[in-house]
Amino acid sequence: MQNEEGQNVDLYVPRKCSATNRLITSKDHASVQINIGHLDERGIYTGGFTTFALCGFVRAQGDADSALDRLWQKKKAEVRQ
């Protein structure tokens with residue numbers, strides 16, 4: 001919901017799993033959000049990062065590692081890493 005100024009005023013905005021597009025509910029205590037830092041050509045952190053959210057379902061299946069690797073391989077071309 002937005003106010004007259006266009007600012008988001010919701011108390012809770014649910015996240016979506018980056019791997020499965022499932023909603024991550026407030027009761028999903030196994031979910032994680034991971035920030036991957038961007039590096040320059042010399043391997044020095046540039047201050048930017050990419051955020052991925054993984055739901056508890058993906059982690060319980062044991063697919064979190066492969067899902068994160070697949071997501072980063074897609075995103076790596078966009079950020080030129």
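Mentor: Let us take Asp63, which counts as partly exposed because its relative accessibility is 39%, where buried means under 20% relative accessible area, exposed means over 50%, and partly exposed lies in between, with a 1.4 Å probe and protein chains only. Before going on, note that this is a predicted model, in which local features need pLDDT of at least 70 and side-chain atom pairs count only at pLDDT 80 or more, while totals for chains, interfaces and linings use all residues. Residues are numbered from 1 along each chain as its sequence is written, and side-chain values use heavy atoms, with hydrogens and water left out.

Asp63 sits in the loop between α1 (56-61) and α2 (64-79), helices being DSSP runs of H or I with at least four residues and strands being E runs of at least two, numbered from the N terminus. Although Asp63 and Ala19 are separated by 44 residues in sequence, their C-alpha atoms are 9.4 Å apart in space.

Within the strand part, β3 (residues 32-39) pairs with β4 (residues 45-54) in the antiparallel sense over seven bridges, pairing being assigned if DSSP finds at least two bridges between two strands. Asn35 has Thr51 in β4 as its bridge partner, and Leu39 stands opposite Tyr45 in β4. Five residues lie between β3 and β4 in this hairpin, and Gly43 in the turn has a positive phi of about 85°.

For the protein as a whole, the radius of gyration is 16 Å, whereas a compact globule of 81 residues would have one near 12 Å; the value is taken over C-alpha atoms, and the globule rule is 2.2 Å times the number of residues to the power 0.38. The C-alpha trace spans about 45 × 40 × 15 Å along its principal axes, and 21% of the 81 residues count as buried. Among contacts between residues at least 6 apart in sequence, 38% join residues at least 24 apart, a contact meaning heavy atoms within 4.5 Å.
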